[in-house]
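Here are some questions and answers about how the parts of one structure are described. Each answer sets a value against the rule behind the word.

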Amino acid sequence: MTIPTAPLLELSTLWIQVTGTWCNLTCTHCLNSSGPHNPWLKSLDTDMVIRSIKEGAELGIKEIYYTGGEPFLHKDMLLLTAHALEVAPTTILTNGTLITEQVADHLAALAQNSPYSLEIRISIDDVDPEKNDRIRGKGAFSKAIRALQVLHSRGLLPIVTATEILRDELPEGSGMYEQFRDLLLSLGITKPRMKIMPVFSIGRMEGEGGPLLTPEMLDGFDYSLLQCSETRVVAEGGVYACPILAGLPQARLSEKSLKEAFKPCDLYHTACVTCYETGMTCKN
Amino acid sequence: MNREPKEYRRIAVCGGIYNNYLALEAALEDIRRREVEAVFCLGDMGAFGPHPDRVFPLLGEGKVLAIQGNYDQSLATGLDNCHCGYTDPRDNYFAQLSYEYTFRKTSHENKAWLGKLATHRRVKLGQYRVLMCHGSPRRTNEFLWESTSPNCLLEKFCRDFETDILLCTHTGIKWHRALDGYGHIINVGTIGRPENDGQVHVWYTLLTAGDDLQVEFIPVRYDHETLAREMEKEGLPSEFIETIRTGWWTTCLEILPAKERARGKY
């Protein structure tokens with residue numbers, strides 16, 4: 001079967017998978033099977049990240065995202081945040097468990113000194129601590145809530161990112177979005193910010209195959225609705241098409257530079273169907 | 001055949017009007033006193049406020065040279081939403097209320113007029129090449145907020161689109177940045193809605209070419225209480241009316257980046 005491809009219409013978003021799949025949690029729905037032991041994708045060294053940011057700036061990117069794994073496991077994460085914020089608005093995707101008062105102080109100072117916005121996205125999957133921790137691990141909920149509070153108290157406005165993994169367990173008539181808003185308001189977070197993401201059949205949720213995109217499905221389709229049309233990801237091994245597929249050989253477009261990854265990418269994975277159907281973007 | 005863009009020395013530029021015909025009237029009155037050679041509008045005539053059709057005669061009388069915003073495109077082509085580019089459910093909920101009202105209340109003639117507008121306009125301002133767009137030069141509904149528009153992107157826009165001055169609107173909050181060796185990016189603000197700073201006035205931009213470019217953001221005070229009462233009579237959401245009366249945004253907040261969100265009340 002012919003695998004359809006998506007063109008790179010522009011490079012707007014640079015993702016950096018700074019800690020590979022190294023994480024201090026082992027969430028049951030993790031899309032790249034991150035965890036604490038023997039990560040299959042290794043962390044990037046500091047110089048490599050700085051070079052990628054520099055190249056991104058030369059190419060005229062609009063924003064930078066750090067992801068992993070858990071970015072705050074990287075020994076130079078605060079330094080790398082400073083480098084990113086010199087160039088572009090920056091978002092960090094984190095489970096929040098390592099955001100201490102000291103880290104929050106440092107992040108607040110970086111945000112204050114940059115002309116660009118710093119966004120911290122904290123993953124929580126349910127407003128019920130027990131349900132959340134069933135997915136994300138014991139104690140994950142309370143640590144994430146603590147991170148939200150220490151960031152909020154310093155004038156940073158964290159964004160809660162939730163997947164729909166527990167949507168089926170919601171009581172009749174209640175919406176995830178409202179539940180999280182209510183939770184944040186009850187914590188004294190007066191500007192509650194939310195992002196809800198679908199669950200992808202990949203990583204620890206990888207199923208037995210599933211539907212794939214066909215060239216016919218993409219006939220007349222607006223490719224700008226796919227994030228791979230404006231995104232590239234730097235991770236161990238090279239440059240990849242999107243944050244969901246980062247690290248997978250078929251999604252690798254270059255072993256060297258971002259510029260070399262200015263080429264169409266294969267829409268070969270069942271996860272591509274999720275983006276196609278939902279218009280999902282990993283961006284804020 | 002390529003025509004040379006028309007050259008000016010002093011121009012006024014308005015951003016989104018959002019049905020706020022009273023603020024537009026006040027802005028045009030103010031502009032008439034400032035000896036400009038032309039008045040431009042960067043699109044989005046509709047949204048938010050009451051009585052969309054009251055905007056169009058004022059644009060004609062004021063000889064306003066307009067380009068098309070995403071709202072105008074949607075109205076002209078009969079789309080089912082405004083394509084503002086919001087991603088959050090709460091933002092989209094209020095945007096849809098506003099769009100359905102404006103769609104229902106805009107005449108066929110005015111929709112057709114919006115459909116004929118160009119999406120970009122080039123002029124010369126003294127020695128400067130000026131490119132006008134609604135959101136960004138590459139996408140009508142792209143948001144160029146001050147805190148999410150890095151210099152590297154703006155320099156690329158100036159290079160790729162061969163301009164010294166880039167004018168945009170769409171976000172609702174004005175800003176200006178001079179780029180070393182490239183030129184100027186100016187988000188001209190909007191006429192339609194105050195800019196989330198607790199002040200009820202709105203803004204337009206005055207540009208004057210001399211040895212340097214002079215950029216002035218001009219506050220426009222208008223009868224916002226009358227507008228608020230008309231919005232009440234039209235059954236528009238109380239959240240919109242609160243914004244007109246207080247200057248604080250109550251809706252379409254989730255699209256704001258951290259820095260801009262932090263400055264507002266909500």
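Q: What makes H2(A) and H3(A) count as meeting?
A: In this predicted model, A:Leu78, A:Thr81, A:Ala82 and A:Leu85 of H2(A) meet A:His106, A:Leu107 and A:Leu110 of H3(A). Two residues are in contact if their C-beta atoms, placed from the backbone, lie within 7 Å. By class, this contact has 5 nonpolar, 2 polar and no charged residues. Ala, Val, Leu, Ile, Met, Phe, Trp, Tyr, Cys and Pro count as nonpolar, Asp, Glu, Lys and Arg as charged, and the others, Gly among them, as polar.

Q: Why are H2(A) and H3(A) called roughly parallel?
A: Their axes come within 10 Å and cross at roughly 15°. Angles under 35 degrees count as roughly parallel, over 145 as roughly antiparallel, 65 to 115 as roughly perpendicular and the rest as oblique. H2(A) and H3(A) are therefore roughly parallel to each other. Their crossing is right-handed, the near helix being turned clockwise from the far one by less than a right angle.

Q: How do you know whether H4(A) and H5(A) are parallel or perpendicular?
A: The axes of H4(A), residues 129-136, and H5(A), residues 140-152, come within 8 Å and cross at roughly 105°. The two helices are therefore roughly perpendicular to each other. The residues that meet are A:Pro129, A:Asn132, A:Asp133 and A:Arg136 in H4(A) and A:Ala140, A:Phe141 and A:Ser142 in H5(A). This contact has 3 nonpolar, 2 polar and 2 charged residues.

Q: How are the residues and chains labelled, and what is counted in a predicted model?
A: Residues are numbered from 1 along each chain as its sequence is written, while chains are lettered from A and ligands numbered from 1 in the order in which they are written. Local features need pLDDT of at least 70, side-chain atom pairs count only at pLDDT 80 or more, and totals for chains, interfaces and linings use all residues.

Q: What makes S4 and S11 of chain B edge strands?
A: The open sheet has 5 strands in the order S4-S3-S2-S10-S11 (chain B), with mixed pairing. S4 and S11 of chain B each have a single partner strand, so one side of each is left without a neighbour in the sheet. Two strands pair if DSSP finds at least two bridges between them. S10(B) and S11(B) have 8 bridges, in the antiparallel sense. In one of these, B:Thr205 is the partner of B:Phe217 in S11(B).

Q: Why is B:Phe48 called buried?
A: A residue is buried if 20 or more other C-beta atoms lie within 10 Å of its own, exposed if 12 or fewer, and partly exposed in between. B:Phe48 has 31, so B:Phe48 is buried. Phi of B:Phe48 is near 65°, a positive value in a residue other than glycine.

Q: How do you know whether B:His170 and B:His224 are buried or exposed?
A: B:His170 has 28 C-beta neighbours inside 10 Å and therefore counts as buried. B:His224 has 22 other C-beta atoms within 10 Å, so B:His224 is buried as well. B:His224 lies in H7 of chain B.

Q: What makes the peptide bond from A:Gly68 to A:Gly69 stand out?
A: That bond is cis, with omega near 15°. Most peptide bonds are trans.

Terms used. Axes fitted to C-alpha atoms, helices over the stretch in contact; angles between N-to-C directions. Helix = DSSP H or I, 4+ residues; strand = E, 2+ residues; numbered from the N terminus.
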